[in-house]
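Q: I have a structure to read and would like to go through it feature by feature. Where shall we start?

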Amino acid sequence: MNAGESQRAPWIVGVSGASGTPYAAAVLRALLDAGESVDLVVSRASRLTLLDETGLSFRDAHWQSDLREWLARGADGKPDTFAVDLDGVRHWSAGDLAAGPSSGSYPAKGMLIVPASTACVAGVALGLSKDLLQRAASVTLKEGRPLVVAVREAPLGGQTLRHLVSLDDAGAAVVPASPAFYAGATHIQDLVDFVAGRVLDAAGVPHTLYRRWAGELGGGSRTT
């Protein structure tokens, strides 16, 4: 291991099987644009969702080419919308429970789960660690690092609400994947970027994904 690798402290990004793969793509792009390193864990269920929502596959053996194609795509499905540099990304298979993020001694800044399914929320809240995504989240909590859970479900049942309260009690930030409209969205990408921006806000990562509220009514209705 070289000196640069030993000093690397990534954000772990877990992508679970909930609808909302464009949210994950927007968060990943913004982290890389901010100069952050990323350790990526894509659950088995999320690969089915990605295929359903975008027509794209995510394969461990071809993760770089698959991830590049995914992140280059806009929320409207248009390919090659964004330029992508994956130099800061490391991928871990969801079934690899011996991976770096499974240990508290592995250096990481924290973890973002986006989107987070109700099954993922339950697994993390109960400490099940049934795959690397859940294990990394449990490690993040026990080490006192930031954990942001972008839950995507409607309506929310009582059991999931109780799990979310448990995560909040444990120190996680729960960010519902609910776009707002005061930022003046004119495109589906704007709505996606708002949610991604709120996830990054909760993690303390700077970004310029949406227009912030400035205390002036009517700002969101103005066109530039």
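Q: Which residues form a nonpolar patch on the surface?
A: First, the ground rules. This is a predicted model, where local features need pLDDT of at least 70, side-chain atom pairs count only at pLDDT 80 or more, and totals for chains, interfaces and linings use all residues. Residues are numbered from 1 along each chain as its sequence is written, and side-chain values use heavy atoms, with hydrogens and water left out.
A: Patches take residues with over 30% relative accessible area and no salt bridge; like charges are joined within 9 Å, nonpolar side chains (Val, Leu, Ile, Met, Phe, Trp, Tyr) within 5 Å. Areas come from the Shrake-Rupley method with a 1.4 Å probe, and for residues only the protein chains shown count as cover. Here Y182, W213 and L217 form the patch, with about 370 Å² of accessible area together.

Q: Is L217 buried or exposed?
A: Buried means under 20% relative accessible area, exposed over 50%, partly exposed in between (1.4 Å probe, protein chains only). L217 has 74%, so it is exposed. L217 sits in the segment after α8 (188-203). Helices (H or I, at least four residues) and strands (E, at least two) are DSSP runs, numbered from the N terminus.

Q: How many salt bridges are there?
A: Side chains of opposite charge can pair when their charged atoms come close. The rule asks for a side-chain nitrogen of Lys or Arg within 4 Å of a carboxyl oxygen of Asp or Glu. The count is eight salt bridges.

Q: Which residue forms a salt bridge with D39?
A: R8 does, with the closest N and O atoms 2.7 Å apart. D39 is in strand β2 (residues 38-42), while R8 is in the loop between α1 (3-6) and β1 (11-15), 31 residues apart. D39 is buried, because its relative accessibility is 0%. R8 is buried too, at 14%.

Q: What about E36 and K109?
A: Their side chains meet in a salt bridge (2.7 Å, N to O). E36 lies in the loop between α2 (21-33) and β2, and K109 in the loop between β3 (89-93) and β4 (110-116), so the pair ties together parts 73 residues apart in sequence. E36 counts as buried at 14% relative accessibility, whereas K109 is partly exposed at 37%.

Q: Where are R212 and D201, which also pair?
A: R212 and D201 meet in a salt bridge (2.8 Å, N to O). R212 is in the segment after α8 and D201 in helix α8, 11 residues apart. Salt bridges that share partners join R198, D201 and R212 into one network.
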